[in-house]
Amino acid sequence: HIGGNCYTEKQDGIIYNLYGGHIFHTHNKRIWEYASRFTDWQQYEHRIKAMYMGKMYSFPPNKMTLQQMDLRDHQDIEKEIRATFFEGYTAKQWGRPLSEVPESVIKRIPIRDSWDDRYFDDPYQGLPLNGYTPMVQQMLMGANVELEADYLDDLEYWRKKAGQVIYTGPLDELYSCDLGRLEYRSLRFEMKRHETPDLLGCPAINYTDCLTAFTRRIEWRHWWRTKAKPYTLITTEYPQAYDGTNEPYHPVGDEPKRALPRQDLERARADGYNI
């Protein structure tokens, strides 16, 4: 698709991402001004909730979350937050216990000593007014666009097409995985129409316990603020193992495999790739 994983479609006036939710956010004014050449923006700051064992919490963790959890013993705050929001979610998302997932993955989620419940604190945040696909189409105006083409099928042909080629595929596949294949996790997206004007009451809910098979549900009417309808569209995300036929969404950063990308990285740089 034009726009890749940010590809957007519209159904009965409701704009949605086909491959999960994507929020445009940056600290860099220059990036924001550049992107603004190709789209008008809908003001949007991502605010979601977390559901654990049937109870809803403010998320990412903030002062409201601690109040909801009734955490009086400050020594147990971090332990309780990990147990409630990270252990089950991580086991589902990454297929392994929290102790085997790099700490850097957990630190992507802010834990705030304030009442700020926004997912991102960047000064520039929003959604392309008509979706990501029209925005990217504007960026590509006047360029030759070829879809369903695989760079790896004919490296020399594509290298000659331009002075600079940007490759965004898996690094291990750049060399036919001859040093071994990275371990990936996949996702399955299931979108359904529900005959109610508002099902979740917010843009997204993370489901953090192990008893719930999915990790996230997204309600699109809360993203692109669609005029109220008697129904709503919900995308549910189910994490899966990568089996070689589904999409390799997330590389798993576990210790035994970390040497592989370093080796491929060194070889790619030696071959003239600017990585």
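## A quick tour of the model

The disulfide count for this structure is zero, counting a pair of cysteine sulfur atoms within 2.5 Å as a disulfide. Keep in mind that this is a predicted model.

Stop 1: Select Cys6. Its relative accessibility is 23%, so Cys6 counts as partly exposed. Now select Cys210. Is Cys210 buried or exposed? Cys210 is exposed, because its relative accessible area is 52% and the cut-off for exposed is over 50%.

**Stop 2: the sheet.** Select β3, β7 and β4. These three strands form an open sheet, in the order β3-β7-β4. The pairing is antiparallel. Look at the edges next. They are β3 (24-26) and β4 (41-43), and each pairs on one side only. On average, neighbouring strands of this sheet are turned by 40 degrees against each other, direction ignored.

**Stop 3**

**Stop 4: one pairing up close.** Zoom in on β4 and β7. How many bridges join β4 and β7? There are three, in the antiparallel sense. Pick Gln42. Its bridge partner in β7 is Leu127.

**Stop 5: a loop residue.** Select Asp113. Asp113 sits in the loop between α4 (103-106) and β7 (124-128). With a relative accessible area of 67%, Asp113 is exposed. Asp113 and Ile14 are 99 residues apart in sequence. In space, 36 Å separates them, C-alpha to C-alpha.

Methods. Residues are numbered from 1 along each chain as its sequence is written. This is a predicted model: local features need pLDDT of at least 70, side-chain atom pairs count only at pLDDT 80 or more; totals for chains, interfaces and linings use all residues. Side-chain values use heavy atoms; hydrogens and water are left out. Buried means under 20% relative accessible area, exposed over 50%, partly exposed in between (1.4 Å probe, protein chains only). Helices (H or I, at least four residues) and strands (E, at least two) are DSSP runs, numbered from the N terminus. Two strands pair if DSSP finds at least two bridges between them. Axes are lines fitted to C-alpha atoms, for helices over the stretch in contact, and angles run from 0 to 180 degrees between N-to-C directions.
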